[in-house]
Amino acid sequence: MSKARTSFARTGAVHVALIAYTLVALFPVFLTIANSFKSRNAIFREPLAIPTPETFSLIGYETVLKQGDFIGYFQNSVVVTVVSIALVLLFGAMAAFALSEYRFRGNTLMGLYLALGIMIPIRLGTVAILQGMVATNLVNTLTALILVYTAQGLPLAVFILSEFMRTVSDDLKNAGRIDGLSEYAIFFRLVLPLIRPAMATVAVFTMIPIWNDLWFPLILAPAETTKTVTLGSQIFIGQFVTNWNAVLSALSLAIFPVLVLYVIFSRQLIRGITAGAVK
Amino acid sequence: MKPRETTLEVGELKRPRRWHILVFLLPALIVYTAVMILPLIETLRQSFYNTVDGQYAFVGLGNFKVLFGDPRWAADFWNALRNNFVFFLIHMAVQNPIGIALAAMLSIPKLRFSAFYRTAIFLPTLLSFVIVGFIWKLILSPIWGVAPYLMDLVWLKWLFAPWLGRPDSALIAVSLISVWQYVGIPMMLIYAALLNIPDEVIEAAELDGVTGWSQFWKIKLPLVLPAIGIVSILTFVGNFNAFDLIYTVQGALAGPDGSTDILGTLLYRTFFGFQLQLGDRSMGATIAAIMFLIILAGVSLYLFVIQRRMRRYQF
């Protein structure tokens with residue numbers, strides 16, 4: 001009886017704590033989106049109120065949408081992010097498998113070499129990267145961004161995935177070998193499905209810096225046709241610093257694609273985590 | 001790939017070559033080396049070069065002597081380094097404990113709405129620095145008055161100050177904004193690690209009467225220590241590369257009065273120039289080299305001391 005009550009109280013406390021933190025996480029986003037639909041006076045008079053018929057206004061969005069091509073920016077960001085993540089996951093998992101599964105000369109050295117990239121920000125090499133892209137005629141192409149982001153994401157992917165691959169039981173792989181599976185089949189059919197949760201985690205961590213990056217789009221692909229959402233919204237906001245309606249609308253427009261992407265993506269992540277936990 | 005294989009065929013005579021290892025490694029290796037390592041080496045090389053009498057020449061450690069010897073450079077550098085350590089310590093002290101606590105709560109079996117909480121709390125991590133920086137600038141702005149209004153609701157209005165504008169609080173404020181944004185990463189990594197603890201281990205603990213708090217401290221936390229180690233080193237590296245948020249919130253000068261200047265912003269100003277100051281490629285490369293050494297030291301500490309001491313459990 002009393003045990004049931006304490007567990008009830010504990011669950012209640014957990015919910016209170018989680019709701020409190022959820023509010024902290026969501027409030028700034030809510031505040032921005034709610035105020036982007038209000039008239040200038042209402043933004044200042046009642047910042048916390050949701051828009052009502054009297055205070056509703058789309059003036060900010062009108063200002064922002066008159067300039068620039070948000071759909072084009074969004075497409076660029078999606079192409080760059082999705083292709084980079086796919087390459088990072090495939091190449092990263094393959095390399096992680098080689099490092100965690102086989103003993104060969106130079107294994108440790110190779111692991112350290114690949115791990116170097118976790119600690120060195122690829123940005124430190126920007127000047128030489130730009131020189132290289134100019135030389136290969138890749139400036140102002142999405143390919144340049146994809147190459148940079150694949151290189152940037154690989155070290156962390158290899159590092160995390162090999163941590164997880166060490167937890168895959170050796171018995172399973174050896175059973176596969178006895179059954180005559182090739183090393184490639186063991187990797188693609190036995191190991192990859194088992195580390196799916198780790199892959200989902202790596203995908204999220206790879207995606208964030210790519211989607212959010214301002215630096216390389218600005219330097220490698222600043223052309224109108226190759227601008228990403230982050231670069232596009234940064235330029236918007238820079239233009240409208242004193243126009244609060246426009247700033248809040250530009251921010252909301254920049255948040256919106258992330259929200260959509262996340263709603264699609266988080267399902268996959270949750271399915272990945274719950275489906276094939278490594279056990 | 002093919003030509004490479006034929007050149008290596010000589011070795012095959014001695015013992016069977018395990019080609020699959022090469023095939024697994026090669027794609028990652030090529031992209032990584034060509035786009036990341038070679039440009040980085042080239043940049044580091046430039047830290048030993050400078051323009052002397054109009055000639056681009058090797059100057060040895062000359063650039064480093066200027067950085068540590070010239071009072072103007074040295075003051076900026078030590079200021080940035082100290083701020084960077086404060087930035088990192090705030091992350092370790094605030095972000096990671098919150099992340100662990102959230103992960104522990106989310107991993108409670110059969111917790112209702114846990115998918116919703118997880119989704120919501122991770123959301124800020126997905127927003128770009130541009131968005132986060134501008135949103136918090138607006139919220140903390142005394143002109144809009146959202147922050148003082150909210151604090152008034154809990155009778156704390158007297159505590160409010162334009163934190164971002166004051167040299168003694170700006171760095172803490174920026175660090176906390178960064179914590180707000182990135183708490184999702186430790187949460188997710190540790191959450192995944194907690195889910196990977198086998199049920200048998202938990203069941204055995206419960207049979208022995210180890211439940212609730214003591215189960216968390218004695219069973220789960222030790223088992224997720226490797227994940228916490230990864231989180232810590234990622235935080236260290238991330239913080240010593242940080243640049244974007246401070247650039248968005250406080251500008252390239254990292255004001256007020258350089259109080260939020262960290263190595264990333266110092267590198268940016270030096271490398272690319274700012275306002276009247278001209279960009280200096282060689283000094284920029286020098287600062288990049290110092291950042292490289294700091295990060296190298298931290299990661300070596302993790303790899304060779306901390307990770308070695310951690311026990312690995314195979315289930």
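Within α3(B), a kink of about 45 degrees is centred on B:T33. The buried residues of this helix are B:F24, B:L25, B:A28, B:V31, B:Y32, B:V35, B:M36, B:P39, B:L40, B:T43 and B:Q46. An α-helix has 3.6 residues a turn, so residues three or four places apart point the same way. The buried residues of α3(B) pack against elements of both chains. In chain A the partners are α4 (70–101), α5 (107–119), α6 (126–135) and α7 (142–165), while in chain B they are β1 (49–52) and α16 (281–309).

Because 23 of its 24 residues are buried, α7(A) is largely enclosed by the rest of the structure.

The contact between the chains takes 71 residues from chain A and 59 residues from chain B. On the side of chain A that touches chain B, helix α1 (residues 2–36) gives the most, with eleven residues. This side of chain A consists of 53 nonpolar, 15 polar and three charged residues.

An unreviewed UniProt entry places the feature "transmembrane region" at six spans of chain A, namely residues 12–34, 78–99, 111–130, 142–165, 186–211 and 246–265. In the model, residues 78–99 of chain A are 100% helix and 0% strand, with end C-alpha atoms 31 Å apart. Residues 111–130 of chain A are 70% helix and 0% strand, and the end C-alpha atoms of this span lie 27 Å apart.

The model scores ipTM 0.80 and pTM 0.80. Chain B averages a pLDDT of 83, and 92% of its residues score at least 70. Over residues 1–13 of chain B, however, pLDDT stays under 50, and the model has five contacts beyond four places in sequence for this segment. Where pLDDT is low, the predicted coordinates should not be read in detail.

Conventions
Residues are numbered from 1 along each chain as its sequence is written. Chains are lettered from A and ligands numbered from 1 in the order in which they are written. This is a predicted model: local features need pLDDT of at least 70, side-chain atom pairs count only at pLDDT 80 or more; totals for chains, interfaces and linings use all residues. Two residues are in contact if their C-beta atoms, placed from the backbone, lie within 7 Å. Helices (H or I, at least four residues) and strands (E, at least two) are DSSP runs, numbered from the N terminus. Ala, Val, Leu, Ile, Met, Phe, Trp, Tyr, Cys and Pro count as nonpolar, Asp, Glu, Lys and Arg as charged, and the others, Gly among them, as polar. The bend at a residue is the angle between axes fitted to the seven residues ending there and the seven starting there. A residue is buried if 20 or more other C-beta atoms lie within 10 Å of its own, exposed if 12 or fewer, and partly exposed in between; C-beta atoms are placed from the backbone. pLDDT is the predictor's confidence in each residue, from 0 to 100. UniProt positions are given in the numbering used here, feature names are shortened, and annotations may be inferred rather than shown by experiment.
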